Amino acid sequence: MSKKIYNGRFVASTDESFVLFFIGMRINKIFSFTKWVPVFRAMGPMIKELYQNPGLGFIHTEFLLNWRGVTLIQYWKSFEDLEAYAHGKTHSVAWKTFNQKIKDDGSVGIYHETYIIEKSASEAIYNNMPRYGLSKAFSHIQVVSKTDTARWRVSK
């Protein structure tokens, strides 16, 4: 799947507060396939559900792969939306399964970090990139003279 490259400089723009949520897994025991593969596969149905149900407050995710695991960077409308999803059926089943099959055996680790980003407390710039991250979650605007500095973008 080819993504359109936007030549030049672009910024992400939003006039809203939002939640930035990092969630991922780390493979600690590479050959424990029966432990980490199910954890890896559990995220797909959740992401599908989130994209199919915009009312849940989920906006967008970026998927990052590294040699020991994966990280998803997610954008949410509010902490309350994220928290409600965490207590919902799909996530609760995945969390319960992890605790029953993995818990603290050390084969695979999972983590998350949550950041509440207040209005006018973020900035981003993209050069010769497809829409990515904040610019895919929110507005994607070509740089003009007034949006040319990080200071302006973060204080707008």
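Visitor: Is W67 buried or exposed?
Guide: This is a predicted model, where local features need pLDDT of at least 70 and side-chain atom pairs pLDDT 80 or more, while totals for chains, interfaces and linings use all residues. Residues are numbered from 1 along each chain as its sequence is written, and side-chain values use heavy atoms, leaving out hydrogens and water. The classes rest on relative accessible area: buried is under 20%, exposed over 50%, partly exposed in between (1.4 Å probe, protein chains only). At 68%, W67 is therefore exposed.

Visitor: Where is W67 found?
Guide: Strands are DSSP runs of E, at least two residues, and helices are runs of H or I, at least four, numbered from the N terminus. β3 covers 58-66 and β4 covers 69-76. W67 sits in the loop between β3 and β4.

Visitor: Which residues make the nonpolar surface patch with W67?
Guide: Patch members have over 30% relative accessible area and no salt bridge; nonpolar side chains (Val, Leu, Ile, Met, Phe, Trp, Tyr) are joined within 5 Å, like charges within 9 Å. Areas come from the Shrake-Rupley method with a 1.4 Å probe, and for residues only the protein chains shown count as cover. The patch is about 530 Å².

Visitor: Which side chain of opposite charge is nearest to E62?
Guide: E62 is in strand β3 and is buried without a salt bridge. Lys and Arg count as positive, Asp and Glu as negative; His and the chain ends are not counted. At 4.6 Å, the nearest is K3.

Visitor: Which side chain makes a polar contact with the side chain of E62?
Guide: A polar contact is a pair of N or O atoms within 3.5 Å; within protein, one must be able to donate a hydrogen and the other to accept it, and sequence neighbours count only if both atoms are side-chain atoms. A polar atom of the E62 side chain also lies 2.8 Å from the backbone nitrogen of G133. The side-chain partner, at 2.8 Å, is H60.

Visitor: How many residues apart are K35 and D105?
Guide: Their side chains meet in a salt bridge at 2.9 Å, N to O, the term meaning a Lys or Arg side-chain nitrogen within 4 Å of an Asp or Glu carboxyl oxygen. K35 is in helix α1, D105 in the loop between α3 and β5. Both are partly exposed, K35 at 26% and D105 at 29%. The separation is 70 residues.

Visitor: What is the phi of S120?
Guide: S120 lies in the loop between β5 and β6. S120 is not a glycine, yet its phi is positive, at about 65°.
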